[in-house]
Amino acid sequence: MSDLPRKALSRTAKLASLPLGAAGRATVGLGKRIGGAPAETVMAEFQRRTADQLFSVLGELKGGAMKFGQMLSLMESAMPEEFAAPYRATLTKLQDSAPPMPASTVHTILSRELGKRWRDRFQEFDDLPAAAASIGQVHRGILKDGREVAIKLQYPGAAEALRADLKQLGRFARTFGALVPGVDMKPLVAELQERIGEELDYDREAQAQQQYADAFKDHDEFVVPRVIKHSPTVIVSEWIEGKPLSKVITEGTKEERDEIGLKYVRFMFSGPRLAGLLHSDPHPGNFRVMPDGRLGVVDFGLCARLPDGLPPAIGRLLRISLEGDGNAVLEGLRSEGFIKPRMDIDPTQLMDYLAPFAEPAREEYFHFNRAWMRAQANRTSDFRSPNASMALKINLPPSYLLIHRVWIGGIAVLSQLDTEAPFRAVLEEFLPGFTD
């Protein structure tokens, strides 16, 4: 049972305890090497210990530390396979589980938010959480009228913990980079810092969840639980039961992974049109496969408000890039703010850089997998490659931040699913500007 550590100095010390990089390897392996153990044994033991400690520290701290770990779990598909394997199971744990709050803390929160007689609202309330994540945990209960519900509570001190963690993670970004070669940690941390207020506001989250629930009511592919009651730190909504998407990634058949991968993409792209929102936290812990095959979706703490749907410029520029008109793509990116007015860019080199991003839209069927994801990460991380310098010349306008997060995070999840499906058809149906 773990409460949320709140003191900045305590949290900083725990983050600093992660033995990442060459220094950690040297410290852990010194005694073994003196004893004559093979180098492979030393490295395997180091990776196992680091993976265990990664889950222990990031999971216990929750807050921004755990949210950072969840983002790492998406980027796992971009790591070299020999490096990623020891961490894969550990990072997956961070997608939908963490040490829970004590029951006494849970009762204090509910008394404050629902009233001192909060138990009178329930036939049953389970003190043990069904799920525990970065800034809150979920309990299962049954209301007096018999409805099964999920009660989501925010950890006390979550705001302070988030700010303290993200400040320190910014300082440790280079050290954490040793864990995920080819992935720049600084932009990930910067984005988390930008979104603190949104994720802490449960009233805002409840409004977004209900907006989605109304839009997808009785949908034949998706289930979004309706909100019953909410406050700034508590959300009570309908309970949904299903297999976590992380289990489909590790245990699903090819047929199941292909089917769920397609539904995952259809949900992401249909949200802006049907609900005026883009679910912007794509990690697998937020998705469940229901017994009837539908995709259940939870956690709407981070959503892009898109009342007019996705910007048509995205679909238009993607279509033009498939047609091979580099000059038109360059001018389109300039007009949208992706390239500064006086930035000198070769259209041919730009098209070479963008080609893999457009690749899934080129063929009727596309196969996402870890090898493809690693190849794309290597293209932009190798400083000797022209693509690396091109990446530095492209700017990301604020209005596209969450869209970019979903695009990259979604591709990472699809690569983990090793899914093959007709994704181009989804773009033709839901992406404005793509077929115009």
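**View 1. Strand β7 and its residue I235.** A strand here is a DSSP run of E at least two residues long, numbered from the N terminus. By that rule, residues 234-238 form strand β7, and this is where I235 sits. Keep in mind that you're looking at a predicted model. Is I235 buried or exposed? It's buried: its relative accessible area is 1%, and the cut-off for calling a residue buried is under 20%.

View 2. Leaving aside residues up to four places away in sequence, I235 touches A150, I151, K152, Y202, E205, A206, V227, K229 and H230. Now look for L153: 82 residues separate L153 from I235 in sequence, yet their C-alpha atoms are 6.8 Å apart in space.

**View 3. The largest nonpolar core.** This core has 67 residues, and the ones touching the most other members are Y212, Y264, F267 and L350. Which helix gives the most to this core? That's α18, with 8 residues. Another core, of 24 residues, lies apart from this one, and I235 from the opening views belongs to that other core, as do M101, L110 and I135.

**View 4. A closer look at Y212.** Y212 is one of the residues touching the most other members of the largest nonpolar core. Setting aside residues up to four places away in sequence, its contacts are V224, F267, G271, A275, L277, L278, H279, F300 and C303.

**View 5. The largest cavity.** Searching the whole structure turns up 5 cavities of 30 Å³ or more. The largest cavity holds about 360 Å³ of space. Its lining is made of 21 residues, and nearest the centre you'll find V265, F269, W407, I411 and L427.

View 6. Two or more lining residues come from each of α12 (254-275), α13 (312-323), α15 (347-362), α18 (401-417) and α19 (423-430). Of these, α18 gives the most, with 6 residues. How many charged residues does the lining have? There are none: the lining has 20 nonpolar residues and 1 polar one.

**View 7. Stepping back to the whole chain.** Zoom out and the protein chain shows 19 helices and 14 strands. Of its 436 residues, 54% are buried. Among contacts with a separation of 6 or more, 71% are between residues 24 or more positions apart. The accessible surface comes to about 19300 Å², with 53% of that belonging to carbon and sulfur atoms.

Notes
Residues numbered from 1 in each chain as written. Predicted model: local features only at pLDDT ≥ 70, side-chain atom pairs only at ≥ 80, totals over all residues. Heavy atoms only, no water. Helix = DSSP H or I, 4+ residues; strand = E, 2+ residues; numbered from the N terminus. Buried < 20%, exposed > 50% of the residue type's maximum accessible area, 1.4 Å probe, protein only. Contact = heavy atoms within 4.5 Å. 1 Å grid on protein atoms, 1.4 Å probe; cavity = no way out; pocket = protein on both sides within 12 Å on 5 of 7 lines; lining within 4 Å. Points joined across faces, edges and corners; volume = space filled by probe spheres on them. Nonpolar A, V, L, I, M, F, W, Y, C, P; charged D, E, K, R; others polar. Core = buried A, V, L, I, M, F, W, Y, C linked by side-chain atoms within 4.5 Å. Areas by Shrake-Rupley, 256 points an atom, 1.4 Å probe, with all protein chains shown as cover.
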